[in-house]
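This report examines how the parts of one protein chain are arranged. Please look at the sequence and the structure shown below before reading on.

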Amino acid sequence: MIDKAAFEALKFEGDPLADAVIADLVATGRVGLVNEVLEHFRANDQPIPEQLPESVREFLVATDNPPAWVDPDRVARAYEFFVDDGVHVASVLTFGSMVNCYAQPRASRVLTLTHGLNQPHRRLSETSQFVVDMMGRDAFGSGGRFVPTIQKTRLIHAAVRHFLTASGRWDVAADGVPVCRQDMAGTLLIFSIQVIEGMRRIGISVTEQEAEDYYYVWRATGDMLGIPVDAMPESLHDARELSATVVQAAYGPSPDGVVLTRHLLDLYEKLFPGKVFDGIVAAMVRQVVDPEVADWMQVPNSHAWNRVVDAGTRLVRALERSEDNSALATTILDRAGALLFGGSVRTLTNGQSTTLEIPADLRERWEATGRSPLPTEGKPPAEAR
């Protein structure tokens, strides 16, 4: 049973642990120092830097351990799912989840007020890094690199809350706390439950066990992000209900969301040379998100391109059914996803080397199977040099 009143109350809750750290750093003028030090704090096993202020060190110690209920076997199964279908997860995150996030009027306003309006490449890059760190082998344990990613994300969110509230441009009484626990829980459902739904819309088969394991890792992540564990339902069924009846029900049009979506589409259209194929980007978005959301965000609607993408989806479904028995089908599916994600990364670089760092175990597994969606780490592809 979904407790909608309890979920609504999360709109007025921030992250007390992280918020206290940011308040201390602002009061003592040490924000710049912390940013510089944390830039090099990237692995679960890495000792906490000695030069950090005591408030930061205490926070990092207090938030270091995953929930006691985390089952390594389920995390390992989710990792295997991502090894096989990570490029498809990335495709749906790219074309669907970002637009669904912009369909949240309050979240879109936060992005606008924090200068995120013209920086879709930065948000996409940060989201991609978060997901690949989360889906590395033993992401929460020894050898992983996800725990510092979570900790730094909490501090970033707290900084946004502090400065946006202090700016006088945000009415907490009317709109709740910026980047509140409700927003974070909603985003996690968009990136988990709604990603699985989007994959199935474009013809990618996902078993119920795979869906449950993928959501399980996101639920554990939510706990480490400071979201109350009972705010993220334990069962996949209840999580779907919460996503549909609370998160998606709160979607709506907003000027901020429309502009953010337009900038995002402009970014994606750079994947394709010239202007001939621009319509296919919008059609792919419309294939993944709800039609009403696409209309609210003013995603262009070309019936011709919609038919092309719909035909492509039917082809993917046919190929997916034959994937276990057809090396050709496997190659087509994997290369299509790799081309999309690899293209996104190339666009993000703006002629620079990619900033995405793939966990070594994921990179090795993808390269061993020929499924790596990224250029060689640290080296931009030829067309970006």
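Predicted model: local features only at pLDDT ≥ 70, side-chain atom pairs only at ≥ 80, totals over all residues.

## Aromatic pairs and the aromatic cluster

Rings of Phe, Tyr and Trp (for Trp, its six-membered ring) are taken as a pair if their centres lie within 6.5 Å, and a pair counts as edge-to-face if the planes are over 60 degrees apart. Phe 81 and Tyr 214 are both buried.

Phe 130 and Phe 146 also form an edge-to-face pair, with centres 5.1 Å apart and planes at 80 degrees. This pair likewise links distant parts of the chain, since Phe 130 is in helix H7 (residues 120–134) and Phe 146 is in helix H8 (residues 146–166), 16 residues apart. Both Phe 130 and Phe 146 are buried. Which residues make up the aromatic cluster? Phe 81, Phe 130, Phe 140, Phe 146, Phe 191, Tyr 214 and Trp 218 form one cluster.

## The chain as a whole

The chain contains 19 helices and zero strands. Of its 385 residues, 52% are counted as buried.

Among contacts in the chain with a separation of 6 or more, 75% are between residues 24 or more positions apart.

## An enclosed helix

Is helix H10 (residues 181–191) largely enclosed or largely open? Eleven of its eleven residues are buried, so H10 is largely enclosed by the rest of the structure. The buried residues of H10 include Arg 181 and Asp 183, as well as Met 184, Leu 188 and Ile 190. Phe 191, another buried residue of H10, is a member of the aromatic cluster.

Helix H11 (residues 193–201) and helix H13 (residues 236–247) have axes that come within 10 Å and cross at roughly 90 degrees. H11 is therefore roughly perpendicular to H13, as angles of 65 to 115 degrees fall in that class. From H11, the contact involves Ile 193, Gln 194 and Arg 200; from H13, it involves Leu 236, Ala 239, Arg 240, Ser 243 and Val 247. Sorted by class, the residues of this contact are four nonpolar, two polar and two charged.

H11 also packs with H5, at an angle of about 100 degrees and with the axes 8 Å apart. H5 is therefore roughly perpendicular to H11. On the side of H5 the contact is made by Phe 81, Asp 85, His 88, Val 89, Val 92, Leu 93, Ser 97 and Asn 100, and on the side of H11 by Gln 194, Val 195, Ile 196, Gly 198 and Met 199. Seven nonpolar, five polar and one charged residues take part in this contact of H5 with H11.

## Residues in loops

Most residues other than glycine have a negative phi. Asp 138 has a positive phi, near 50 degrees, although Asp 138 is not a glycine. Asp 138 lies in the loop between H7 and H8 and is partly exposed, with a relative accessible area of 39%. Val 179 also has a positive phi, about 50 degrees, and is located in the loop between helix H9 (172–175) and H10. Val 179 has a relative accessibility of 14% and therefore counts as buried, a term that requires under 20%.

Leaving aside neighbours within four places in sequence, Ala 231 is in contact with Phe 7, Leu 10 and Leu 242. The C-alpha atoms of Ala 231 and Ala 185 are separated by 7.3 Å, although the two residues are 46 residues apart along the chain. Ala 185 is one of the buried residues of H10.

Notes
Residues numbered from 1 in each chain as written. Heavy atoms only, no water. Helix = DSSP H or I, 4+ residues; strand = E, 2+ residues; numbered from the N terminus. Buried < 20%, exposed > 50% of the residue type's maximum accessible area, 1.4 Å probe, protein only. Contact = heavy atoms within 4.5 Å. Axes fitted to C-alpha atoms, helices over the stretch in contact; angles between N-to-C directions. Parallel < 35°, antiparallel > 145°, perpendicular 65-115°, else oblique. Nonpolar A, V, L, I, M, F, W, Y, C, P; charged D, E, K, R; others polar. Phe/Tyr/Trp six-rings, centres within 6.5 Å; stacked < 30°, edge-to-face > 60°.
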